[in-house]
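Biologist: I'd like to learn how to read a model like this one. Can you walk me through it, feature by feature?

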Amino acid sequence: KAEKLLSVDPYLLYTNRSQAQPGLTFEKKESSEHSLQSKSIPRTTDSSFVSAFYSNSRLHYLSTWGAEFRDYVATLYADRQGGPHSKRDTNRGPESRTIMHIDMDCYFVSVSLRNRADLKGKPVAVCHSRNKSKEGGSCSEIASCSYEARAVGVKNGMFLGPAFKLCPHLTTMPYDFAEYRKTSQMLYDVLASYTLEIEAVSCDEAYVDVTDLVSLAQSATDLAE
């Protein structure tokens, strides 16, 4: 059929014809488990789609928490004017300051493992995947993985399918946003007990000006430890 223009009629989705257009048929092969799970996912036309999307969006929570904890630190600072750690020395230049970068590594996994002692020391990843099959086709993105998973090549941001190929015994855990938020609050409360010179970045990351604290310790390293 070379050099012959084929009919596009079977592939048109919308036409102005008065007669009904032949429908496209696609073979569906879904397990009963997958079909049951698919029903819980709202369609884009459903009124609950937007709220469901944001309630499961990792990036939405991360950006929201960043703004929330910045407001929290600002509120603490305003409430403690005249109290401990409330005065900023504006005469010091940046070269004379000591800034500590706090980044909670493997944060999502670490928080989730607090209630799963049986999984400590094992390769674990946090992701959205509902697919219990360990075939290589899952496109769910890994948000956080343990050091045991990293040791065999699994990385944050990797699709779950390739991760299973590298680590067949990888255990996946669902997101627990409420627990992440609760633990982050504890983190910022601990930081605020030392100083209010805090720049919140996210739920698990912050910059802290520890200049005054270092003067009381032997070194910045000693303070960090």
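Biologist: Let's start simply: how many helices and strands does the chain have?

Modeller: Helices (H or I, at least four residues) and strands (E, at least two) are DSSP runs, numbered from the N terminus. Here the chain has nine helices and six strands. Keep in mind that this is a predicted model, where local features need pLDDT of at least 70 and side-chain atom pairs count only at pLDDT 80 or more, while totals for chains, interfaces and linings use all residues. Residues are numbered from 1 along each chain as its sequence is written, and side-chain values use heavy atoms, with hydrogens and water left out.

Biologist: What is the strand order in the open sheet?

Modeller: Two strands pair if DSSP finds at least two bridges between them. In this open sheet of three strands the order is β1-β6-β5, and the pairing is antiparallel. β1 (99–103) and β5 (198–202) are the edge strands, each pairing on one side only. Five bridges join β1 to β6, with I102 opposite A206. Four bridges join β5 to β6 (residues 205–209), and there E199 faces Y207.

Biologist: Which helix lies across β1, β5 and β6, and at what angle to β5 does it run?

Modeller: For angles, axes are lines fitted to C-alpha atoms, for helices over the stretch in contact (heavy atoms within 4.5 Å). The angles run from 0 to 180 degrees between N-to-C directions. Helix α7 (residues 177–194) lies across those three strands, at about 165° to β5.

Biologist: And the rings: how many aromatic pairs turn up?

Modeller: Rings of Phe, Tyr and Trp (its six-membered ring) pair if their centres lie within 6.5 Å; planes under 30 degrees apart count as stacked, over 60 as edge-to-face and the rest as tilted. A search of the whole structure gives eight such pairs. Y107 and F108 make a tilted one, 6.1 Å centre to centre with 50° between the planes. Y175 and F177 are stacked, at 5.0 Å and 10°. Y107 and F108 are buried, and so are Y175 and F177.

Technical notes. Buried < 20%, exposed > 50% of the residue type's maximum accessible area, 1.4 Å probe, protein only.
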